[in-house]
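I opened this entry to look at how two chains meet, and then at a few places inside each. My notes follow in the order I looked things up.

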Amino acid sequence: MSDQKLLKPGNPVGIVGYGAYVPRYRLPAKEVARIWTDGVGGLPVKEKAVAGIDEDVATMSIEAARNALARSDIDPDQLRAVWVGSESHPYAVKPTSTIVAEAIGAVPDVQAADWQFACKAGTEAMVAAIGFVGSGMAPYAMAIGMDIAQGKPGDALEYTAAAGGAAYLLGAAEESLAVINATYSYVTDTPDFWRRAYQKYPEHGQRFTGEPAYFAHITQAAKELMTAMGTTSDDYKYAVFHQPNAKFPQRAGKMLGFTSEQIEPGLLVPLIGNTYAGAAIIGLSAVLDIAEPGDRILLVSFGSGAGSDAFDIEITGAVDERRDRAPKTQDYIARRTEIDYATYSRYRGKLVMK
Amino acid sequence: MEIPRHWRLKQQRYKLVGEVCPHCEAKLFPPRDICPDCGGEAKQLYTFSGRGEVYSHTTVYDAPAGFEENAPYTVALVKLEEGPLVTAQLTDLGEQDVEIGTPVEMVTRRLRTDGDERGMLVYGYKFRPRLERVNQI
């Protein structure tokens, strides 16, 4: 492929600040199995993060965005966009992004919008923010991927559907702690997973989930990006893939020639579950917490329906000074209170009250 | 329905915006435009750091209308670093004990729904035990 397929802004863009958020509560997968399968069968993760009774995508996005601002050197009124990608926006109609923008002090001179593309809504907002900043339209833009994922009680998704995500403040490359060299997006119409209007829980399209959806899009996006950039798996210190369970990203990584040492630092799904629009980019925030200047990172998201955004990211010298200004991804993971299925049912509104 | 009130209070509720007295530099929360310390006019906005400690606390089992979903929950008087005492719910306690002097930090959370499931969502400040930073390099 020629590099004409790459998405590359006119002016170089990078990550000026970033912040993660994971709620406190954890539901062990064996607790879900205790309720629905008598404990029989394999488990896709150890446990998943569950949001508290007073949390939603707006409140979680606010905390991640505050962390991203703390790691930057800018004031919130310098932001010209606050974009939130999620498949669990608190309102059907009324933007999450205006609540977040108000709470972080970015209003009123700001573009605000909610994005939706299943699990890749976060990277979708990031790619748009690269365009916004890289075209010269805006100096800074905030892109957030955050979810409180829904899984039907007893369904395979209930073991993994989790809460969490990350916020990225994008700006000029020279002010960045990580430069985004290029991105590439690979999209087809694939019926692997959906949730119809007014439905509480999503459906998955039987065998479409694995090969034709996740693996096809992730590996194609990664291969096309690496070919256009003239890189191989050896050029990247870390690789982060969308992580619906522990197996899929490990297998995708192997198919692309990555070792487990490259993948493990960004593989959070065994401990926090699948945070949907937050899943790939919270893996990236965990890597940014430990990466050294000069390290290169491959990030590939996946969203059902279906598509992948692939990013080639390079760490700059600014990372050392900025990353301790806000809690790290692992700080949130270490803050952990285990709950049982009954508490989970109450926190997540699964009890019929009237 | 109290939509105008929620809208009017959003700055102080979402991000602890109070006032600072230009005469005696006292920090005021909630904002009241007249400094209770020196009596001068104080309309300059001031965003609080959100850090403070528990001054006193109690647990609510019989919640007032609109807060039943959250019960039981802990309410505290929080002494902000900048001086004022704020009444707020504590959240994210997990199994953590609350004591007088427990360091806390402000988070913006969903306080309640205005009316039934068709009503607007009301967001505002709560406090939680300060997040432990275990991975500081």
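I started with the interface. Chain B and chain A bury about 2700 Å² between them, and carbon and sulfur atoms give 46% of that area. Buried area here is the accessible area (1.4 Å probe) that two parts lose on being put together, summed over both. B:Tyr123, B:Leu131 and B:Arg133 supply 20% of what chain B buries against chain A, more than any other three residues.

Before going on I noted the ground rules. This is a predicted model, where local features need pLDDT of at least 70, side-chain atom pairs count only at pLDDT 80 or more, and totals for chains, interfaces and linings use all residues. Residues are numbered from 1 along each chain as its sequence is written, chains are lettered from A and ligands numbered from 1 in the order in which they are written, and side-chain values use heavy atoms, with hydrogens and water left out.

Next I looked up who takes part. The contact (heavy atoms within 4.5 Å) takes 34 residues from chain B and 34 residues from chain A.

I found 9 salt bridges between chain B and chain A; the rule asks for a side-chain nitrogen of Lys or Arg within 4 Å of a carboxyl oxygen of Asp or Glu. One of them joins the side chains of B:Lys10 and A:Glu102, at 3.6 Å from N to O. Polar contacts link 20 residue pairs across the interface of chain B and chain A, with both residues at pLDDT 80 or more. Such a contact is a pair of N or O atoms within 3.5 Å; within protein, one must be able to donate a hydrogen and the other to accept it, and residues adjacent in sequence count only if both atoms are side-chain atoms.

On chain B, α2 (10-15), β7 (103-113) and β8 (121-129) each supply at least two residues of the side that touches chain A. β7(B) gives the most, with 5 residues. Helices (H or I, at least four residues) and strands (E, at least two) are DSSP runs, numbered from the N terminus.

I followed A:Glu102 into its helix. α3(A), residues 96-104, has 8 of its 9 residues buried, that is, under 20% relative accessible area (1.4 Å probe, protein chains only). A:Glu102 is among the buried ones, as are A:Thr96 and A:Ile99. The buried residues of α3(A) pack against α2 (57-70), β4 (79-85), β5 (111-115) and β6 (140-148) of chain A, together with α2 and β8 of chain B. A:Gly105 follows the helix, with a positive phi near 85°.

What does the side chain of A:His89 make a polar contact with? I found the side chain of A:Thr96, at 2.7 Å. A:His89 sits in the loop between β4 and α3 of chain A. The side chain of A:His89 also reaches the backbone oxygen of A:Trp115 at 3.3 Å.

My last stop was B:Leu80, in strand β5 (residues 73-80) of chain B. Is B:Leu80 buried or exposed? B:Leu80 counts as buried, at 2% relative accessibility. Beyond four places in sequence, B:Leu80 touches B:Leu16, B:Phe48, B:Arg51, B:Gly52, B:Val86 and B:Phe127.

Terms used:
Buried means under 20% relative accessible area, exposed over 50%, partly exposed in between (1.4 Å probe, protein chains only).
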